[in-house]
Amino acid sequence: MAMILRKIRDASAQKAHFRHNPGVSYRLTLMLSPKKPAAEPEFDSQHFRAALSQFATGVTVITTRDENGGFFGLTASSFNSVSLTPPLVLWSLGSHSRGLPLFSGNSHYVINVLAADQAALAERFASRADDRFHGVDFTLSQTGLPILGGVSAWFECHNRSRYPEGDHVIFVGEVERCAFEAKPALVFHGGRFAEIGV
Ligand SMILES: Cc1cc2nc3c(=O)[nH]c(=O)nc-3n(C[C@H](O)[C@H](O)[C@H](O)COP(=O)(O)O)c2cc1C
């Protein structure tokens, strides 16, 4: 009851500051019922995956240290920007990834944005290869993590926060350093790699 009264009070407070704009109609909806859970999906995960694949993304390789002082990296297309101030980015990692304990426990990771001619690197870092870094050209970031040679941009991130959702964990990184070189980009669309840009 107290919650309902609070909602009504908040709603009238909003109304009090409401300036009427002639010609525009408004509807004030009071949500008195508890939030309804989502309905069951009307599709299977194959259909969902196919629909998602129509969203063209860039391709990244995200690197960190492993428990033996070596490196771990994986291909990820879930990268996106979040905030300019502070500089935040996000990406998501499957809960069954071998990298989950590493990315969860380490203080930093590097997000490498692949250039158009780097599809082979994307395949390698998505493969079951034990040493994905074998023969790969890289330098070390300020925190000692791999920055791959030839990438069009990299972001060295502090591991700011993590949000488990469904079968993935969303990582939000606070960018401490980044660099770029304008180049044609590698994109992933409809389950295939393509090239785009200058
Ligand atoms: C283009 C592409 C994009 C991918 N994006 C992601 C992603 O955003 N998150 C993720 O967890 N896996 C993603 N994967 C899958 C992982 O790269 C791969 O399945 C994973 O590295 C498997 O091994 P792991 O247990 O060593 O992580 C992607 C794969 C490809 C080919």
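## His 189 and its strand

His 189 is a residue of strand β11; strands (E, at least two residues) and helices (H or I, at least four) are DSSP runs numbered from the N terminus. The model is predicted: local features need pLDDT of at least 70, side-chain atom pairs count only at pLDDT 80 or more, and totals for chains, interfaces and linings use all residues. Residue numbers start from 1 along each chain as its sequence is written.

His 189 counts as partly exposed because it has 14 C-beta neighbours inside 10 Å. On this scale a residue is buried with 20 or more other C-beta atoms within 10 Å of its own, exposed with 12 or fewer, and partly exposed in between, C-beta atoms being placed from the backbone. Leaving out residues up to four places away in sequence, His 189 touches Ala 56 and Ala 194; contact requires C-beta atoms, placed from the backbone, within 7 Å. Ala 56 is 133 residues from His 189 along the chain, yet their C-alpha atoms are separated by 4.6 Å.

## The sheet

Strand β11 belongs to an open sheet of three strands, ordered β1-β11-β12 with antiparallel pairing. β1 (57-58) and β12 (192-196) each have a single partner strand and stand at the edges, so one side of each lacks a neighbour in the sheet.

Two bridges join β1 to β11 (residues 185-189) in the antiparallel sense; at least two DSSP bridges are needed for two strands to pair. Within this pairing, Thr 57 is opposite Phe 188 of β11.

## Pro 146

Strand β8 (residues 146-148) contains Pro 146. Pro 146 is buried because 22 other C-beta atoms lie within 10 Å. Its contacts, not counting residues up to four places away in sequence, are Thr 63, Phe 71, Gly 73, Val 110, Phe 133, Phe 138 and Leu 140. Val 61 is 85 residues from Pro 146 in sequence, with 9.9 Å between the C-alpha atoms.

## Ligand shell

The ligand is surrounded by 16 residues, of which Leu 74, Ala 76, Ser 78, Ser 97 and Ala 126 are the closest; a residue is near the ligand if its C-beta atom, placed from the backbone, lies within 6 Å. β3 (71-76) and β5 (88-94) each contribute at least two residues to this shell, and β5 gives the most, with four. By class, the shell has eight nonpolar residues, seven polar and one charged.

## Whole chain

Four helices and twelve strands make up the secondary structure elements counted in the chain. Of its 198 residues, 21% are buried. Among contacts with a separation of 6 or more, 62% involve residues 24 or more positions apart.

Notes. Ala, Val, Leu, Ile, Met, Phe, Trp, Tyr, Cys and Pro count as nonpolar, Asp, Glu, Lys and Arg as charged, and the others, Gly among them, as polar. Two residues are in contact if their C-beta atoms, placed from the backbone, lie within 7 Å.
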